[in-house]
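These are my notebook entries on one structure. I set down what I looked up, topic by topic.

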Amino acid sequence: MLIAVTGASGRTGNHVVTELLQAGHTVRAVVRSEEKGAPLRARGAEVVLSDLTTDDPSAWLAGCDGLVHTAAASDPRPGASDAVDRVATLALVAAAGAVGVPRVVQVSSMYADRPDEGPEFLRDVLRAKAVSDAALAGSGLVWTIVRPGGLLDDQATGQVAAGRQLGSGRISRADVAAVCVACLAVPATERLAFDLTSGGQSISDALAGLAG
Ligand SMILES: NC(=O)c1ccc[n+]([C@@H]2O[C@H](COP(=O)([O-])OP(=O)(O)OC[C@H]3O[C@@H](n4cnc5c(N)ncnc54)[C@H](OP(=O)(O)O)[C@@H]3O)[C@@H](O)[C@H]2O)c1
């Protein structure tokens with residue numbers, strides 16, 4: 001399948017690209033500069049240059065069998081999160097709908113479903129993601145929203161906890177990426193949003209346990 005990955009130059013997105021290539025997919029890696037695209041192209045990904053805040057994603061979404069959206073504001077300045085996590089993500093979801101991308105997995109954040117209960121310093125980000133998550137859930141697309149706890153650069157463990165609302169926890173970006181890629185092939189995760197942390201279940205068991 002041809003799968004587009006936003007934030008492919010980022011830490012989670014990079015792991016998503018690796019997982020997809022290993023699984024035999026064709027990867028359309030969406031990045032903001034040729035410099036960041038070159039290493040991904042060298043690994044076998046197609047590279048598309050696109051800034052989500054300024055460019056129309058319709059052309060590179062066309063023909064994709066799936067989209068894994070991991071991009072998020074890396075800029076700490078006020079308004080950056082709103083621009084990427086809300087405004088650009090709303091445009092991305094709308095374009096995916098217009099083009100008819102069959103499957104969308106969006107990386108959100110724990111507490112995006114209840115921003116006012118999340119850590120105070122993260123509330124602007126959480127509110128932006130809440131709007132985008134609601135838009136995706138109401139889009140008519142076949143979606144999954146993954147809400148990880150605090151991200152770590154540790155190695156993958158393959159052992160996670162997934163649930164409609166987990167209280168707290170952390171997880172490696174590598175494990176988040178593996179879960180995102182697994183969701184593409186697990187119908188039980190369609191139209192489902194869930195929290196994700198490290199834990200004691202294999203990814204397949206954790207995802208199967210979400211159904212019902
Ligand atoms: N940090 C945490 O503890 C935490 C917790 C829960 C959820 N999350 C979420 O998990 C996801 C992955 O986080 P991460 O820390 O692995 O990401 P990251 O390493 O910060 O990477 C962010 C990616 O988004 C891209 N990006 C930023 N603005 C963009 C724009 N305008 N157009 C196109 N691409 C853009 C960046 O591109 P450049 O390389 O060009 O900058 C980069 O590839 C994000 O959605 C994040 O909000 C994070």
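**Entry 1**

I began with Tyr-111, which is placed in the loop between β5 and α5. Helices (H or I, at least four residues) and strands (E, at least two) are DSSP runs, numbered from the N terminus. The model is a predicted one, in which local features need pLDDT of at least 70, side-chain atom pairs count only at pLDDT 80 or more, and totals for chains, interfaces and linings use all residues. Residues are numbered from 1 along each chain as its sequence is written, and side-chain values use heavy atoms, with hydrogens and water left out.

I noted that phi of Tyr-111 is near 80°, a positive value in a residue other than glycine. Most residues other than glycine have a negative phi. Is Tyr-111 buried or exposed? Tyr-111 is buried, with a relative accessible area of 17%. Buried means under 20% relative accessible area, exposed over 50%, and partly exposed in between (1.4 Å probe, protein chains only).

I then looked up Arg-191, which also is not a glycine and has a positive phi of about 60°. Arg-191 sits in the loop between α6 (173–184) and β10 (192–198). Its relative accessibility of 48% makes Arg-191 partly exposed.

**Entry 2: The sheet**

I traced an open sheet of nine strands, in the order β3-β2-β1-β4-β5-β6-β10-β8-β11, with mixed pairing. Two strands pair if DSSP finds at least two bridges between them. At the edges I found β3 (46–49) and β11 (201–202), each of which pairs on one side only.

Strand β1 (residues 2–6) runs parallel to strand β4 (residues 66–69), and four bridges join the two. Thr-6, in strand β1, stands opposite His-69 in β4. Thr-6 is buried, at a relative accessible area of 0%. I also recorded that the C-alpha atoms of Thr-6 and Ala-71 are separated by 5.2 Å, although the two residues are 65 apart along the chain.

Within strand β4 I looked up Leu-67, which is buried at 1% relative accessible area.

β4 pairs with β5 in the parallel sense over three bridges. I noted Val-105 in β5 as the bridge partner of Val-68. Which way do the residues of β5 point? Val-104 and Gln-106 point one way and Val-105 and Val-107 the other, and all are buried. In a regular strand the side chains alternate between the two faces of the sheet.

**Entry 3: Ser-108**

I placed Ser-108 in the loop between β5 (104–107) and α5 (123–137). Ser-108 is buried, at 5% relative accessibility. With which side chain does the side chain of Ser-108 make a polar contact? The partner is the side chain of Asp-133, at 2.5 Å. A polar contact is a pair of N or O atoms within 3.5 Å; within protein, one must be able to donate a hydrogen and the other to accept it, and residues adjacent in sequence count only if both atoms are side-chain atoms.

**Entry 4: The ligand**

Around the ligand I found 25 residues, of which Ser-9, Thr-12, Arg-32, Asp-51 and Arg-173 come nearest. A residue counts as near if one of its heavy atoms lies within 4 Å of the molecule. α1 (11–22) and β7 (150–152) each supply at least two residues of this shell.

One is 2.9 Å, to a polar backbone atom of Arg-11. Another is 2.6 Å, to an N or O atom in the side chain of Thr-12. A further one is 2.9 Å, to a backbone N or O atom of Leu-151. The ligand taken alone exposes 930 Å², and the protein buries 85% of that; such areas come from the Shrake-Rupley method with a 1.4 Å probe.

**Entry 5: Cysteines**

How many disulfides are there? The count comes to zero, a disulfide being a pair of cysteine sulfur atoms within 2.5 Å. For Cys-64 the nearest cysteine sulfur is that of Cys-180, 16 Å away. Cys-64 is buried, with a relative accessible area of 5%. For Cys-180 the nearest cysteine sulfur belongs to Cys-183, at 6.4 Å. I recorded Cys-180 as buried, at 0% relative accessibility.
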